[in-house]
Amino acid sequence: MLFGVNVGYSLVGKLSEFWIGETRGVRVENTNVLMVRTREGLFAYQGECPHKGVALCEGRLNGDLLTCSAHGWEFNVANGRGVNPRNAELKKFPLKIEGDEIWIDADEKGKASVGPTLIANAAGHAIASAIAEQNSDVEVLDRGSYLRVEAPSPCRLSRYFLEKHMSKAVDLREELELTMSSFKGRIAIEPSQVVWRSEGGKL
Ligand code: FES
């Protein structure tokens, strides 16, 4: 089956345990993240102040206005924009609520990347190697039971390269249906090639 569910997202807590007016610092995929809940909603931003890197979760929240505890820089947490100074900005991370669960995607590379998540068997390794050979700046993350391929959009896999790595004739669609558990971006499968593109990219 070809579908993607929560790929790149990490579970960080329960909405029912997060109060309006609360700020919280969490660590997601080696990234410090500021979570903040206001009457406008729940948001996730970079955890460190863009001024000198002090943890923003220690700041003071008043409505939508967050004031850094160190030197008073102020941010509107409804949109991440600087209030004082105005040219400051907080990097925002994708966040979604599923039932009572809060999920955050703090994988910076992942947001700009596309590609498949593969079962870590021989075919999965061959597909990852073929993609790495055919595209530049590809990163293959070995997670034990699966491999996550992250590449700039568009990421291509041609039958020629896969056959080279598998040392046999292959049906691209068949190989992916057996080996790909999910993917990032949009996918177009043709007999001679597969292309993953970012959501906004043309297929
Ligand atoms: S570190 Fe936040 S205002 Fe200076």
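Predicted model: local features only at pLDDT ≥ 70, side-chain atom pairs only at ≥ 80, totals over all residues.

Colleague: Okay, which domains does the assignment give?

Modeller: The domain assignment gives domain 1 as 11-104 and domain 2 as 113-197. Taken over C-alpha atoms, the centres of domain 1 and domain 2 are 35 Å apart.

Colleague: Now the inside. Which residues in the largest nonpolar core touch the most other members?

Modeller: Those are Leu157, Leu162, Val194 and Trp196, out of 25 residues in that core. Helix H2, residues 122-134, supplies the largest share of this core, with six residues.

Colleague: And what is leucine 157 in contact with?

Modeller: If you skip neighbours within four places in sequence, the contacts of leucine 157 include Ile127, Ala130 and Ile131, and also Leu162, Val194 and Trp196.

Colleague: What about another core? How many residues does that one have?

Modeller: There's another core lying apart from the largest one, and it has 13 residues, among them Leu34, Phe43, Tyr45 and Leu66.

Colleague: Switching to helix H3. Which residues are buried there?

Modeller: In H3, residues 159-166, you'll find Phe161, Leu162 and Met166 buried. Looking down the axis of H3, its buried residues fall within an arc of 125 degrees, so they line one face of the helix.

Colleague: What covers those buried residues of H3?

Modeller: The cover includes H2, strand E14 (155-158) and helix H4 (172-179).

Colleague: And what happens just after H3?

Modeller: Serine 167 comes there, with a positive phi of about 55 degrees.

Colleague: Rings next! How many aromatic pairs does a search of the whole structure find?

Modeller: Two. One is phenylalanine 43 with tyrosine 45, which are stacked, at 6.3 Å centre to centre and 20 degrees between the planes.

Colleague: Are phenylalanine 43 and tyrosine 45 buried or exposed?

Modeller: Phenylalanine 43 is buried, and tyrosine 45 is too.

Colleague: So why is the pair of tyrosine 160 and phenylalanine 161 called edge-to-face?

Modeller: Because their planes sit at 90 degrees, with the ring centres 5.3 Å apart; the cut-off for edge-to-face is over 60 degrees.

Colleague: Is tyrosine 160 buried or exposed?

Modeller: Tyrosine 160 is exposed, since its relative accessible area is 58% and exposed means over 50%.

Colleague: Last one: what lies over the face of tyrosine 9?

Modeller: That's lysine 96, at 4.2 Å from the ring centre.

Note on methods
Residues numbered from 1 in each chain as written. Heavy atoms only, no water. Phe/Tyr/Trp six-rings, centres within 6.5 Å; stacked < 30°, edge-to-face > 60°. Buried < 20%, exposed > 50% of the residue type's maximum accessible area, 1.4 Å probe, protein only. Lys NZ or Arg CZ within 6 Å of the ring centre and 35° of its normal. Core = buried A, V, L, I, M, F, W, Y, C linked by side-chain atoms within 4.5 Å. Helix = DSSP H or I, 4+ residues; strand = E, 2+ residues; numbered from the N terminus. Contact = heavy atoms within 4.5 Å. Arc of directions from axis to C-beta. Domains from an automatic or database assignment.
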